[in-house]
Amino acid sequence: MHSSSTSTKRLNLIQVYRGVAAVLVLLAHGDLIFNQNLNQDFLFKIFTFGGSGVDFFFVLSGFILFYVHKSDIGHRSKLKSFLFKRFIRIYPIYWVVLTLKLSASLFFSYDLDANQRNVFEIIKAFLLFPQDREILSSSFLGVSWTLSFEIFFYLIFSLLIAWKPKISVPIIIAWLIGTLGHFIGIFKIPEKSLLLNFIFDQHNLDFALGFLAAYLLSKYKIGYGMTFISIGAFLYTLSAINYYYAITKISPVIAFGIPSTLLVIGAVSLELSRKVNVSSPLIYIGNASYSIYLMHGFVINNITKFVFKIYPNLTENIFILNIFGLIVAVIALMFGCAVYSFIEKPLVLAMKPKLATT
C-alpha cells in the first residue's frame, strides 16, 4: 500500500488485492504476447479478462489516496509532501524499467519501432504525459498509459489539498459530471482530441469509485464485510465469464469497477472490525505489485522470443506449451519481486529521508 500515516490502520487485504490485480494483468498480457510471438493461446485464453486488473488497480488507488490522505484535505502545507510521496512512489522505478526497455531495444535491435521514436515522444514517455496507447505499446512500456491516469488522479486529488473544499470540490464534481456525460454518451469528444479524451476517460470513474468507497468507510460503520466480498467476487466472476464468451459488451467500469469497489468495501469493513490473518507471501506480492506490473511484459516477451528461437517445435505440443506458459508466468512474477526487493524498495527508502525537508 502507499505510505500510511499513524492514524490509519495498515490494511493487509488491500495489499493482497494489489497483488491480485498485478497478477491478473500479467496473465492477460501472457495471452497477448503468446499470440504475438508464438501465434498460440496462453493457458487456453482463460485469463483474457485479466486486463480488468487495471480497473481493480484504479479503484484501489482511489481508495488508498483518500484513506491515507483524508486528513491532508484543505491543508495547503501538506501539498509539497503529498506530491513528493507520489513522485517517489511512481517515477524512480518507472524510469529504471523504461531505460532498461529502451536500452534493450537499442542494443539488441529486436524492436522494429525503435527507430520511429522521436525525442519529444521519449520525453513524454518519461514524464508519463498522455500518449497514444499504440505508440506506448510498440515503442515504450505497454502499461505506461495506465500510469498517466494514476498521475492525473494524483493531480486531481492535490486540488483538494491545495484549495479549500468550497473551491476544489465544485471543480472536481464538474469534472466528474463531464466524465459521466462522456461515458453515457451525452456528448462526444472528437477522437483526435487525445488530451480531452484522456481527461474525461471512463477509467477516471474507477478512481472515483475507490474514492467513494473510502469516503463511505470513513463516514459510516459498514458491517457485513464477507457479504460485500462475496457479492463483489460473484459479480467479478460473472463479468469474467461474460468477457470470455463475449455474451454482451459491458463497459469495464461497470463490469469490473463496481465489483472491485464492493470487494474493497468488504475487505476494509472486515479488517476494521476484527483481526484478519493474511499470509506473508501474499502481502509481499502486494508490496511488489508495482514492480511486477512494470516488468512482466518485458520478461514474458523476451523469454518467449528466446525459447521459440532455440526450440521452434515448442508450439506443436499443447501440453508442453501450457507448462511453458505457467513457468514463464512464474518467472515474470519472481523477476518483478526481485526488482522490488533489490531496486524499487531501496530507491524509495533512499529518497524517503528527503520528505523531512519537504
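Of the 103 residues in the largest nonpolar core, those that touch the most other members are Ile 14, Tyr 17, Phe 56, Phe 63, Tyr 94, Val 264 and Leu 294. A nonpolar core is here a set of buried Ala, Val, Leu, Ile, Met, Phe, Trp, Tyr and Cys residues joined through side-chain atoms within 4.5 Å; buried denotes under 20% relative accessible area, exposed over 50%, and partly exposed the range in between, with a 1.4 Å probe and protein chains only. Helix α1 gives the most to this core, with 13 residues. The model is predicted, with local features requiring pLDDT of at least 70 and side-chain atom pairs counted only at pLDDT 80 or more, whereas totals for chains, interfaces and linings use all residues. Residues are numbered from 1 along each chain as its sequence is written, and side-chain values use heavy atoms, with hydrogens and water left out. Leu 294 is in contact (heavy atoms within 4.5 Å) with Ile 93, Tyr 94, Val 97, Leu 141, Val 143 and Leu 147, residues up to four places away in sequence not being counted.

Helices (H or I, at least four residues) are DSSP runs, numbered from the N terminus. Two packed helices are described by the angle between their axes and the distance between the axes. Axes are lines fitted to C-alpha atoms over the stretch in contact, and angles run from 0 to 180 degrees between N-to-C directions. Helices α1 and α2 (residues 52-69) pack with their axes 8 Å apart, at an angle of about 155 degrees. Helix α1 is therefore roughly antiparallel to α2, a term for angles over 145 degrees, as roughly parallel is for those under 35. On the α1 side, the residues involved include Ile 14 and Tyr 17, and on the α2 side they include Phe 56 and Phe 63. The residues of this contact divide into 13 nonpolar, two polar and one charged, where Ala, Val, Leu, Ile, Met, Phe, Trp, Tyr, Cys and Pro count as nonpolar, Asp, Glu, Lys and Arg as charged, and the others, Gly among them, as polar.

Helix α1 also packs against α13, the two axes coming within 9 Å and crossing at roughly 25 degrees. The two helices are therefore roughly parallel to each other, and their crossing is right-handed. Among the contributors are Arg 18, His 29 and Phe 34 of α1, together with Tyr 290, His 296 and Lys 305 of α13. The residues of this contact comprise 11 nonpolar, nine polar and two charged. In helix α12 (residues 280-287), Ile 283, Ile 285, Gly 286 and Asn 287 are buried. The buried residues of α12 pack against α1 (12-38), α13 (289-310) and α14 (318-351).

Individual positions were also examined. Thr 261 lies in helix α11 (residues 252-273) and is buried, at 9% relative accessibility. Apart from neighbours within four places in sequence, Thr 261 touches Val 59, Leu 209 and Ala 213. Gln 131, in the loop between α4 (119-127) and α5 (133-139), is likewise buried, with a relative accessible area of 7%. Residues up to four places away in sequence aside, Gln 131 is in contact with Glu 121, Lys 124, Ala 125, Leu 136 and Leu 194. Ala 174, in helix α7 (residues 165-184), is partly exposed, with a relative accessible area of 46%. Ala 174 and Asn 35 are separated by 139 residues in sequence and by 42 Å in space, C-alpha to C-alpha.

Definitions and conventions. Parallel < 35°, antiparallel > 145°, perpendicular 65-115°, else oblique. Left-handed = near helix turned anticlockwise from the far one by under 90°.
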